[in-house]
Amino acid sequence: MIVIAVTVLGYLLDNQISGSLIYQRDMINQGQWWRIISAAFFHTNSFHLILNVTAVLLLWVLHGNFYNTQSYLLTFFFCAFMSSIGIHFFSYDVKQYLGLSGALHGVFFWGAIQEIKHEQKIGYLLAAGIVLKLLYEQLFGASFDTIELIDADVAIDAHLWGVLGGAIASLPLMSAKRRLQV
């Protein structure tokens with residue numbers, strides 16, 4: 001709920017304030033490093049906001065039994081950070097980015113790994129599904145309908161780097177499972 005509240009607040013801020021908080025490569029290069037995290041909480045329009053907030057709620061329904069406030073926030077912010085850092089250092093064509101999608105993809109993958117750790121077969125299906133989605137996006141791009149709905153290009157690389165963040169955040173989980181099996 002904290003993520004939703006901050007996201008809605010970000011949407012309600014005036015454009016001048018939000019303009020100083022979204023990811024803009026040139027501004028980060030000039031030292032405005034806060035944009036790496038703050039960008040996640042801003043959206044292009046109300047449809048973009050609704051899509052992202054709905055995804056937060058659906059992830060809670062899907063994997064909420066594995067979350068507590070601390071683990072969710074740590075995972076979310078780590079995935080948001082990794083998403084922006086990945087864009088900044090490896091996706092040079094992305095000059096501006098905003099929205100929760102990178103972090104959400106990472107949290108989704110982290111939740112799939114949680115399912116696997118708890119021996120839920122659905123976790124394998126969820127992990128495979130997100131990997132296939134990433135492959136599709138990297139090969140064919142984002143859905144035109146989504147681009148039209150949010151009135152912006154979809155930063156598909158943010159999804160890729162967010163999932164990498166979710167995978168890294170999952171490493172301690174998988175290591176703990178192996179230690180228990182030995």
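**Entry 1: helix α8**

I began with helix α8, residues 122–140, where E137 and K133 both lie. I note here that the model is a predicted one.

I then looked up how E137 and K133 interact, and found that they form a salt bridge. The closest N and O atoms of the pair are 2.4 Å apart. A count over the whole structure returned 1 salt bridge.

Is E137 buried or exposed? I recorded a relative accessibility of 7% for E137, so this residue counts as buried. For K133 I recorded a relative accessible area of 33%, and K133 is therefore partly exposed.

**Entry 2: α5 and α7**

I next took up the packing of two helices. Such a pair is described by the angle between the axes and the distance between them. For α5 and helix α7 (residues 101–117), I noted an angle of about 10 degrees and axes 11 Å apart.

Which residues make the contact? On the α5 side I listed N52, A55, V56, L59, L62 and H63. On the α7 side I listed S101, L104, V107, F108, G111, A112 and E115.

**Entry 3: a surface patch**

I stayed with α5, which spans residues 46–63 and includes F47. I found F47 in a nonpolar patch on the surface, together with L51 and L149. The accessible area of these three residues together is about 260 Å². I checked F47 separately: its relative accessibility is 47%, so F47 counts as partly exposed.

**Entry 4: the whole chain**

How many helices and strands does the chain hold? I noted 10 helices and 2 strands. Reading along the sequence, I wrote the pattern down as α-α-β-α-α-α-α-β-α-α-α-α.

The protein chain has 182 residues, and 48% of them are buried. I put the accessible surface of the chain at about 10,000 Å²; carbon and sulfur atoms account for 67% of that surface.

Of the contacts between residues at least 6 apart in sequence, 75% join residues at least 24 apart.

Note on methods. Residues numbered from 1 in each chain as written. Predicted model: local features only at pLDDT ≥ 70, side-chain atom pairs only at ≥ 80, totals over all residues. Heavy atoms only, no water. Patch = residues over 30% accessible without salt bridge, like charges linked within 9 Å, V, L, I, M, F, W, Y side chains within 5 Å. Areas by Shrake-Rupley, 256 points an atom, 1.4 Å probe, with all protein chains shown as cover. Salt bridge = Lys/Arg side-chain N within 4 Å of Asp/Glu carboxyl O. Helix = DSSP H or I, 4+ residues; strand = E, 2+ residues; numbered from the N terminus. Buried < 20%, exposed > 50% of the residue type's maximum accessible area, 1.4 Å probe, protein only. Axes fitted to C-alpha atoms, helices over the stretch in contact; angles between N-to-C directions. Contact = heavy atoms within 4.5 Å.
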